[in-house]
Amino acid sequence: MSSQNDPNSSILTLDITGMTCASCVGRVEKALDRIPGVEAASVNLATEQAKVRLKANSETMLAGVIAAVQKTGYEAKLSTPHGYTQTKQSHSFWGSDGLARVLLSFTLSAPLFLPMFLMPFGIHWALSPKWQILLATPVQFILGWRFYKAGFKSLLAGAGNMDLLVALGTSAAYGLSVYQMIASPHASHELYFEGSTVIICMVLLGKWLEARAKQQTSEAIRALQKLWPENAKVLNPNVAIGEGTFLEQYHELPLDQVFPKDRILVLPGERIPVDGVIVFGNSHIDESLLTGESEPVKKLLGTKVIGGSLNGEGVLVIDAHAVGVESVLSQIITLVEDAQTQKAPIQKLVDRVSEIFVPSVIAIAIITGIANWFYLDSASIAILRAVSVLVIACPCALGLATPAAIMAGTGVAARFGILIKDPQVLELAHRLNIVAFDKTGTLTIGKPRVLAFIPVTDVSEENILLATAAGLQMGSEHPLAKALLDAAKDAGVKPIPPSDSQAIAGIGITGKPNSGPWAGQNIALQSVASLTGTGSWAEICSKAQPLLDAGQTVSVLVNQELPPSALAIIAFGDELKPNAKDAIHSLHQLHIRTVMLSGDNSAAANRVGQSIGIDEVFGQIMPSNKAEIILKLQTSSKEHPRQYVAMVGDGVNDAPALATADVGMAMSTGTDVAMQAAGITLMRGDPSLVADAIDISKRTWKKIQQNLFWAFAFNSTGIPLAALGYLSPMLAGSAMALSSFCVLSNALLLKRWRPSRR
């Protein structure tokens with residue numbers, strides 16, 4: 001289902017039960033696509049869900065959509081938000097795929113097939129025909145009834161599926177045995193009841209293993225869902241926070257009864273139930289399952305916290321800002337669920353094959369039976385070989401190959417803070433030649449800091465100069481003012497408050513410090529550019545020039561009393577993120593060229609690029625031109641006419657470039673617009689996650705390729721072997737069950753993936 005859709009359209013998520021193979025998926029999708037008002041539909045066998053997008057102003061109702069699914073022979077219901085039911089019937093002990101049915105089928109079938117293992121030793125023993133039919137009948141028509149029911153429904157819908165193949169194959173073996181029993185009442189060794197029962201046993205075992213493996217592929221979703229506590233401690237209205245008794249003045253409410261602006265009490269060791277801001281206390285918070293950050297994060301008064309994270313040692317009171325579906329955790333779960341439900345483009349090939357697969361297999365089985373009967377002159381051998389063809393060709397593995405890998409790959413990526421929203425990314429990531437980075441907020445922290453403080457006066461205490469400069473900025477909301485106040489705080493310096501403070505537009509700020517060496521004197525903090533053109537300031541401008549060349553913003557602390565004199569030079573800049581250099585190195589190890597897009601002047605941008613090893617730098621780039629550069633990069637190489645480019649950004653102005661790139665990656669520390677435009681969201685502002693995202697995408701793509709190869713290879717080799725008599729019905733049933741389990745097990749190997757630095 002395309003991600004480009006009318007914003008006014010609505011999306012329904014349905015839980016579908018009864019699907020068993022790729023043919024089922026195709027049939028349900030066709031039925032949904034034929035409904036007037038349905039814009040697109042996508043059905044996923046691994047998640048057993050369908051996403052249906054209704055056109056804007058469509059009158060199509062939920063009941064009509066569910067009815068269309070039921071006409072195809074399956075059950076459907078509206079999925080609850082992020083709903084996973086641990087006691088789902090099909091996965092329970094006594095359910096249709098439950099372990100109890102598997103054990104019972106093997107118990108009844110064991111006396112039928114175990115004597116076969118004695119034949120190589122010259123022991124030809126078998127139960128009497130009456131005992132054989134007595135044991136085989138409940139397996140065939142009670143435990144195997146699900147195959148008749150689902151197969152019959154598929155016939156009514158004008159198509160076939162795995163259940164139809166199993167029902168036809170086992171019925172043929174059972175019917176042949178009944179015929180032989182009537183024709184030769186005492187020939188117990190000429191019966192084939194063990195073939196029909198073992199097929200049912202193995203298919204039931206395969207479905208049970210498949211159900212267990214499916215649950216493991218969705219462990220990431222369940223782990224995220226478990227982060228929500230059932231209740232929240234809501235403080236009573238008007239309670240005075242900070243008084244000794246306020247910790248006892250709360251009442252517990254179910255999470256769905258908590259609203260924004262409620263104040264939530266979180267005790268040590270409890271999970272935070274809502275997104276919000278700390279208004280009392282401080283603590284270390286474990287956000288590992290949300291962001292992939294392994295170390296607990298220090299949270300102070302006024303800091304934002306994410307619902308679902310684990311509180312450490314402190315008592316916290318949180319002002320709730322977002323609850324329920326508006327919370328970050330809910331949005332993460334939605335992104336992962338959407339990615340796991342969507343189809344990778346390669347799945348279209350599987351869908352086309354599955355449309356003709358079952359009818360083709362039935363035709364091959366009929367031809368096999370007729371040909372063997374003609375050449376071998378044996379109806380029983382002809383029927384058994386036709387049965388083997390029917391059973392071994394069940395397309396379960398084809399239907400699971402792609403979605404199982406996507407579920408496992410996107411799930412493990414989410415555990416480490418990488419949200420892959422668009423499965424198409426998985427097919428493009430292995431082709432990437434270039435990664436383009438926005439600079440500010442992506443490779444740099446995105447927040448000005450004091451990078452240099454150079455005294456140019458005889459005052460021995462640098463801290464006095466810093467206290468004077470920081471005092472002038474008290475009360476200012478300018479980013480540079482905050483940077484100077486933060487520098488004073490980090491140095492343990494208390495700013496000296498000024499009087500007669502006055503901001504001068506485009507130049508800086510002036511004031512009279514209330515204490516210190518310059519108490520009562522006019523002191524200014526102004527840009528170095530405002531000093532140019534005055535001969536007496538040439539030496540100061542000369543000292544500041546290297547800082548300006550490095551792309552830093554330079555201010556000068558000036559004593560304006562006659563004669564005016566400079567006190568200190570202060571340089572502000574945006575620091576590189578600690579892992580920026582490692583991130584570029586990791587991409588080079590993957591043989592990917594790196595590019596940086598910056599609005600800084602070319603000289604300053606090149607210095608930043610060189611310091612971390614960027615291959616190519618574009619400086620003085622207007623935000624509106626970033627998408628144009630991405631297009632040029634995609635077609636710029638003579639050796640490779642088509643380059644595949646990833647764009648990494650975090651701001652609103654990066655959204656067009658993120659959408660233009662083959663793979664867009666947005667930092668969650670940035671804007672929502674950027675995250676919506678990107679196919680991958682990085683839950684931490686850590687550029688080293690870029691290489692990790694490419695790595696897990698490549699590995700997931702390889703698993704998809706491996707699964708599809710084995711699924712196609714299994715059927716392309718198994719059908720001829722069965723037709724030629726090299727596979728008995730029992731072996732065919734066992735091999736068919738094993739194929740689905742192997743595909744799922746191969747996909748589950750992705751759960752062992754870890755980022756390179758862990």
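**Entry 1: ground rules.** I am working from a predicted model, where local features need pLDDT of at least 70, side-chain atom pairs count only at pLDDT 80 or more, and totals for chains, interfaces and linings use all residues. Residues are numbered from 1 along each chain as its sequence is written, and side-chain values use heavy atoms, with hydrogens and water left out.

**Entry 2: salt bridges.** I looked for a side-chain nitrogen of Lys or Arg within 4 Å of a carboxyl oxygen of Asp or Glu. By that rule I get 13 salt bridges.

I began with K233 and E270, whose side chains meet at 2.5 Å, N to O. K233 sits in strand β5 (residues 231-235) and E270 in the loop between β7 (263-266) and β8 (275-280), so I noted a link between distant parts of the chain, 37 residues apart; helices (H or I, at least four residues) and strands (E, at least two) are DSSP runs, numbered from the N terminus.

For burial I used relative accessible area: under 20% is buried, over 50% is exposed, and in between is partly exposed (1.4 Å probe, protein chains only). K233 counts as buried because its relative accessibility is 11%, while E270, at 23%, counts as partly exposed.

Next came E287 and K299, with their closest N and O atoms 3.3 Å apart in a salt bridge. This pair also links distant parts of the chain: E287 is in the loop between β9 (283-286) and α9 (288-291), and K299 is in strand β10 (residues 297-299), 12 residues apart. E287 is buried at 8%, and K299 is buried at 9%.

Then I checked R642 and D662, which meet in a salt bridge at 2.5 Å, N to O. R642 lies in the loop between α21 (626-634) and β24 (645-649) and D662 in the loop between α22 (655-660) and β25 (663-667), so the pair ties together parts 20 residues apart in sequence. R642 is partly exposed at 36%, whereas D662 is buried at 17%.

I also noted that salt bridges with shared partners join K233, E252 and E270 into one network.

**Entry 3: cavities.** A cavity here is a set of points on a 1 Å grid, over the protein atoms alone, where a 1.4 Å probe fits but cannot get out; lining residues have an atom within 4 Å of a point. Points are joined across faces, edges and corners, and a volume is the space filled by probe spheres set on them. I find two cavities of 30 Å³ or more.

Two elements, α7 (193-217) and α25 (729-748), each give two or more residues to the lining, and α7 gives the most, with five.

**Entry 4: a nonpolar patch.** Helix α11 (residues 347-376) gives the most to the patch, with three residues. L376 lies in that helix and is partly exposed at 41%.

**Entry 5: K494.** Buried or exposed, I wondered about K494? At 72% relative accessibility, K494 counts as exposed. K494 is in the loop between α17 (479-490) and β17 (498-504).

Methods
1 Å grid on protein atoms, 1.4 Å probe; cavity = no way out; pocket = protein on both sides within 12 Å on 5 of 7 lines; lining within 4 Å.
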